[in-house]
Amino acid sequence: MLAQHAFGAASRYSKPGSYHTSHIRLPLLGCILISLADSVISSLGVLTYLECTPLLPGLTRLGPAGKLGKVSRRWGVDRGWSPASEGTRVGRRPFPTALTVIWLALSACTGLGTNPVPVGRGALTVFAAASLAEPFTEIADAFESQHPDVDVALNFAGSQQLVQQIVQGASADVFASANRAQMDVVVQEGRIAAAEVQDFAHNRLVVIIPTDNPGHLEDLRDLARPDLKVVVAAPEVPAGAYALAFLDLAVASADLSPEYRVGVLSNVVSHEENVRAVLSKVALAEADAGIVYASDAAGEPRVRMIEIPQSMNPEIMYPIAVLLDAPEAGLALTFVEFVRSTSGAAILLRHGFTPAGE
Amino acid sequence: MSAQPRAPRSSSEQPDPMSPRLRTDGAVGRRWDRWTLLGLPLLVFLALPVVGLLIRSSPTALVANLARPDVGKAIAVSLKTTLVSIMVIVAFGTPLAYMLGFRNFKGKRLVETLVDLPTVLPPSVAGVALLVAFGRRGLLGGALEDLGLEIAFSQAAVVMAQSFVAAPFYVRTAALGFGAVDKELIQAAMLDGAGSWKLFREVVLPLAFPSALSGAVMSWARALGEFGATIIFAGNFPGRTQTMPLAIYIGFEVDLNTALTLSVILILLSFASLWLIRASLGRDAPEAQASR
């Protein structure tokens, strides 16, 4: 209501006369607007991708040839503006200039929207799964100190998101995925050769508990004890799918009874949307236990690990590959070799991963 | 503002037919003037995603998806928690709004800012803040645990997250409504011997009811859309704490159909509630504006 009050005051001061003073600028403004609308409409080609084609005819009708165009011509007449009285403006024809300016601005914007394209010599773009953020930052630093003329640009996100970016044409040299399935999508899309893909690390699942252990868990068996609060990642998330795979393996093993799976699942109070959220909930002691990657637990002092035996641990491989159209293919190969070298392996090991060689 | 004498106001409500203001209104009312054109890009930008969503989902698929248990559960959880939330908000928000609407006191601006804060906070911040306050290791966590109350991962946590984020919409709107009630009427009622409760019940509430109602509907719509605070504070468990926005987010990566169905339902519900506000208050609004 304050806003209404202010608006009311403002409109009281705006006299009809002042409404007219700026009309000379209108044609120019209209042209800019129309060219902007045109650019927007042409960028709506994205809609075809989204299968929204029924929408397009209606939109294109709004283009310069359609209603907007006619309206802009009518404007001048309505406002008492005629070409004869403003001859200089007609002669200047601001339309192409405005169009160019808008076009340039829009190109600049779309440039910002996509992933950074390597500029200059020795710039390497690495797309890596979010769980690799810590070791890969360190590996990139080590790599840069070995190759002082190289600048490594890292892009971390969920493997699924990275795959989407690559499939939609983002420029990258190296892709490191958190699982084989996502890597396979890129291979199927023809951006990576199947022979190029190699596993460089594995991860393993662990059960984590807060350091003060409010649920009094001692071993894996306790996870099925009634009245515990256990958080896991949602089954839609890789870490959640792996947690379910662990329960299947546990039931199949001789050590734990078939009721174990049911017991653990009935303790689950939340399916977190990603594995780091599981870690946070346990670190804050909101939950009594959680199931995460060893690499996540390694960096968190507020949680303690309960190991899951290898026989019950699903295989979690991290593949890496150079993209077929990598702008810096040679350098990219050197980087992949560095990740797989002993110095790369040492960094991975420090962050809770098991290097592929071991 | 209502303390001003009424005479000048009523004269401004009946404009002189010869005044230039009428002609200005006519210019603004023309179908394709510059304001329409300048406003069009944003309007298209706002409408396009909604239209796209509606086009993308066929009615038959929508009905088929509605029968799925996870979709049904999410809708049930959302309706239950938001209805409880709005009752909590109205019950505790009305006295606060009444106080803010009528009393002037030292630090009122601070209180008002505090009430407004959740509307500008990212909901995830609200979630973390709630966790720090009411979580097991939070400020009140120990006290709550002694009482045998465990809030985290329960529907109570969903209600708290929704109430925290949505309450300001009700309190602010209701407070403005209460504050706009004519002071002369209140004085007259008090002279006639109306007590504090009777004054509220029979004078202020009926006059401010449209504001309070629109605030409540807006607040409910906001609670329905609550995501960030809920997923952080209450977690995500289908049938217990998984509301529609959570199911949309989790479903988006794997099962676009669930996400689409729930999105369309959310849009329809939100649109209907906002429309309801407009319809019930739309005719009053211009008068209210003119009377400021």
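User: In this predicted model, is R137(B) buried, partly exposed or exposed?
Analyst: The model is predicted, so the value is computed from its atoms. Buried means under 20% relative accessible area and exposed means over 50%. R137(B) has a relative accessible area of 42%, so it counts as partly exposed.

User: Which residue meets the side chain of R137(B) in a salt bridge?
Analyst: R137(B) lies in the loop between helix 7 (123-134) and helix 8 of chain B. Its partner lies in the loop between strand 5 and strand 6 (230-233) of chain A, so the pair joins two chains. The N to O distance is 2.7 Å, and the partner is D212(A).

User: How many residues apart in sequence are the parts tied together by R191(A) and D325(A)?
Analyst: The side chains of R191(A) and D325(A) meet in a salt bridge at 3.1 Å, N to O. R191(A) sits in the loop between helix 11 (180-188) and strand 4 (198-203) of chain A, and D325(A) in the loop between strand 10 (316-322) and helix 16 (329-340) of chain A. The pair therefore ties together parts that are 134 residues apart in sequence.

User: How far apart are the closest N and O atoms of R204(A) and E307(A)?
Analyst: R204(A) is in the loop between strand 4 and strand 5 (205-210) of chain A, and E307(A) is in strand 9 (residues 303-307) of chain A. The two are 103 residues apart and link distant parts of the chain. They form a salt bridge, with the closest N and O atoms at 2.8 Å.

User: Which helix gives the largest share of the lining of the largest cavity?
Analyst: The largest cavity has a volume of about 90 Å³. Its lining includes K229(A) and E286(A), along with F134(B) and R136(B). By type, the lining residues divide into five nonpolar, two polar and five charged. The largest share, three residues, comes from helix 8 (residues 141-146) of chain B.

User: What is the relative accessible area of S85(B)?
Analyst: S85(B) is placed in helix 5 (residues 69-102) of chain B. Beyond its neighbours within four places in sequence, S85(B) is in contact with V159(B), Q162(B) and S163(B). S85(B) is buried, and its relative accessible area is 0%.

Notes:
Residues are numbered from 1 along each chain as its sequence is written. Chains are lettered from A and ligands numbered from 1 in the order in which they are written. This is a predicted model: local features need pLDDT of at least 70, side-chain atom pairs count only at pLDDT 80 or more; totals for chains, interfaces and linings use all residues. Side-chain values use heavy atoms; hydrogens and water are left out. On a 1 Å grid over the protein atoms alone, a cavity is a set of points where a 1.4 Å probe fits but cannot get out, and a pocket is an open set with protein on both sides within 12 Å along at least five of seven lines; lining residues have an atom within 4 Å of a point. Grid points are joined across faces, edges and corners, and a volume is the space filled by probe spheres set on the points. Helices (H or I, at least four residues) and strands (E, at least two) are DSSP runs, numbered from the N terminus. Ala, Val, Leu, Ile, Met, Phe, Trp, Tyr, Cys and Pro count as nonpolar, Asp, Glu, Lys and Arg as charged, and the others, Gly among them, as polar. Buried means under 20% relative accessible area, exposed over 50%, partly exposed in between (1.4 Å probe, protein chains only). Contact means heavy atoms within 4.5 Å. A salt bridge is a side-chain nitrogen of Lys or Arg within 4 Å of a carboxyl oxygen of Asp or Glu.
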